[in-house]
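Please look through the sequence and the structure first.

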Amino acid sequence: MEAVKKPYACDVLIVDDDEFNLRVAGDILIKEKYFVHTAQSGEAALEFLKENLPRLILLDLHMPGMDGRETMKKIRENKKWKRIPIIFLTADTDPETEKECLVLGALDFITKPFEPMVMLSRISRIIELAELQNDLERNLEEKTNLLEKVLLNSILVIANTIDAKDAYTSGHSKRVAQCATAIAERLNWSEKEVQNIYNVALLHDLGKIGVPDAILNKPGKLSSEEFNVIKKHPVIGHDILKDIHMISGVGEGALYHHERYDGKGYPYGLKGEEIPYYARIIGIADAYDAMTSNRIYRPKLTQERVIQEFEKGRGTQFDPGLTDLFLEMLREGFDITNERRAARWDDSRASESREVLSKMLTEYATDMQQKATIDHLTGLRTRSYAEEQIERLLGEGHLGTLLIIDMDNFKQVNDTLGHIIGDNILKMFSDVLKENTGPEDVVGRLGADEFVVFLTGMTDRKEIAAKAQGILDTLSDSLKKLNYENAASASIGIAIFPHDGKTYDVLNSNANKSLYYVKRKGKNAYAFYSEEESKGKVQNTGTDLVHIRTMLEGDTKENKEGVFNVEFGEFGRIYEYISRGVKRNKQRVQTILFTLSIDEHENMRLNFEEPMQTLELAVASSVRLVDVGTRYSSIQYIVILLDTDLENGKKVADRVIKKFYQMYGGRGVVISYDIQTMLPQANKE
């Protein structure tokens with residue numbers, strides 16, 4: 001029997017410079033019937049991909065030569081490879097590294113040494129999701145192509161009907177399309193470009209479907225109110241055509257063909273080259289057909305008179321360069337009534353029922369858009385759709401505010417509570433975002449535990465601050481109801497359009513800068529971006545120390561288990577020691593939380609391990625033997641000073657910081673601290 005050819009060269013391509021890691025990972029996967037191929041460098045992986053296509057790539061982050069980051073970039077730049085799902089392999093458990101893996105485009109990461117159950121679970125999940133996504137995308141692409149063809153045909157039917165609406169301009173759209181085509185051919189455009197402008201011109205007056213017949217067919221002069229109704233048809237046409245991607249520039253042709261070169265046109269008064277080139281061509285073709293058609297108030301103009309009108313309108317109504325070209329055509333004898341061009345679209349379906357087409361399109365488009373634009377877990381918009389909608393709103397000039405939101409400590413939620421509870425918290429948070437936004441706002445999931453919100457029309461800082469705080473408060477209340485009060489929180493970066501950026505990319509970048517500032521300053525807060533300062537001004541700070549104080553002042557027995565969700569386990573033991581001591585001896589306790597961050601004036605990436613080690617030495621040489629300290633996170637160090645007052649605690653903190661800067665020779669690091677007095681419940685009065 002002939003073997004069935006596999007659609008993929010292998011199930012998993014493992015890329016790691018360590019032969020032992022390759023063998024271990026390969027053995028785990030082969031036992032589960034995966035077909036595995038290995039490569040010991042990024043260069044070898046790229047050579048393999050030139051002739052082969054795996055279902056999944058496991059890519060080591062740190063390799064000599066071309067490392068995982070560069071290899072990932074090369075893969076994503078290749079059209080053939082960019083859809084292959086990638087999971088990073090790394091021995092680095094630093095949260096910043098994990099964040100970097102996801103930002104680079106990996107769908108997940110697996111830590112070394114490999115845990116077989118975790119590894120297999122993540123690989124099977126990613127392969128399943130990737131294949132489902134690929135199937136959906138292929139199906140969507142096929143359906144979208146079919147939809148656009150049917151949609152175009154339906155619009156052409158309507159365009160034909162529009163010409164029939166106006167008794168004085170019958171056949172106008174076709175004649176304008178023929179004239180625009182002649183100009184495009186004179187400009188030596190390609191056949192594809194000529195065909196495209198024909199279609200654009202054919203649909204330029206589609207917006208007249210929204211103009212009453214009584215106005216279109218009025219024999220006398222229009223009133224100012226009636227003319228204002230007529231002037232709305234470019235915007236109506238653009239709204240109908242803006243999502244038609246099959247014809248390049250079709251929405252612009254409809255929207256701007258009544259703009260004038262001197263800025264006195266409508267609907268927006270664009271001037272000169274602000275008017276899209278297609279629209280300038282269609283404007284000439286549209287005026288030409290108006291001059292050469294019989295109207296109730298006048299007969300068509302002679303060729304000599306048409307030439308005079310275009311000479312008169314050169315540089316005022318019409319683009320001067322295009323006008324010179326068209327005048328040359330007219331002087332050579334161009335006359336649209338003598339043109340015998342092949343039809344560029346099929347009239348055969350013009351008699352079909354628009355009602356049937358409209359119903360089919362509405363039902364089909366609604367179904368496909370829902371499937372393609374909704375995140376399956378949260379019910380929010382997908383990243384691509386949300387970003388597209390925000391870019392559209394910005395392009396149309398809508399003011400608003402961009403929020404980039406990241407759930408704090410979410411990896412720890414998955415690791416300690418499990419992915420099912422993690423997914424439930426993500427669903428709950430999506431409900432929080434829906435509750436705190438309106439129907440005009442855009443709310444989407446960017447991936448994993450990161451979300452985006454665009455508050456349409458909201459630019460007042462007080463309103464924005466209230467909205468951001470409302471999200472944080474609602475999240476806190478919702479977690480309490482689920483009995484996960486201390487499991488997670490959220491950090492929010494805020495950028496206002498257009499003050500903080502005039503494009504989505506700039507706004508997104510600046511909102512992320514504010515978000516990272518919040519992360520460095522203690523999380524569970526929000527910050528505004530400011531162009532004057534390269535950081536945001538954080539609100540709601542000191543949340544870590546408030547949390548610590550609550551725990552120290554509470555009952556030890558109640559809070560012993562799972563009290564601190566921190567990255568370093570020794571703090572739990574310190575808490576036990578201190579809480580017993582302060583209750584027994586009624587001591588005053590000062591708690592200092594030191595935080596490291598990157599200097600706002602330094603454009604650099606930094607591994608915080610070296611400055612953290614320096615900070616530990618600075619603390620050790622600045623406090624008494626009876627005081628206790630430990631790491632609280634990868635960038636924070638907590639010190640508990642026994643039996644001392646607040647003023648002395650501040651002196652100790654200043655001594656530590658001075659010592660740190662003396663010992664640390666590197667640039668770009670800023671150290672800050674927060675201090676609070678801690679008293680056990682028994683000592684409170």
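Glu328 and Arg186 join their side chains in a salt bridge, 2.8 Å from N to O (a side-chain nitrogen of Lys or Arg within 4 Å of a carboxyl oxygen of Asp or Glu). Because Glu328 sits in helix α14 (residues 320-331) and Arg186 in helix α6 (residues 172-186), the pair ties together parts 142 residues apart in sequence. This is a predicted model: local features need pLDDT of at least 70, side-chain atom pairs count only at pLDDT 80 or more, and totals for chains, interfaces and linings use all residues. Residues are numbered from 1 along each chain as its sequence is written, and side-chain values use heavy atoms, with hydrogens and water left out.

**Salt bridges**
- The structure holds 21 salt bridges.
- Glu328 is partly exposed at 41% relative accessibility, and Arg186 is partly exposed at 30% (buried is under 20% relative accessible area, exposed over 50%, partly exposed in between, with a 1.4 Å probe and protein chains only).
- A salt bridge also connects Lys519 and Asp406 (2.8 Å, N to O).
- Lys519 belongs to helix α20 (residues 504-520) and Asp406 to strand β6 (residues 400-408), 113 residues apart (helices, H or I of at least four residues, and strands, E of at least two, are DSSP runs numbered from the N terminus).
- Lys519 and Asp406 are both buried.

**Buried side chains**
- Arg122, in helix α5 (residues 116-165), is buried at 16% relative accessibility.
- Met428, in helix α18 (residues 419-435), is buried at 11%.
- Leaving aside residues up to four places away in sequence, Met428 touches Leu475, Ser478, Leu479 and Leu482 (contact means heavy atoms within 4.5 Å).
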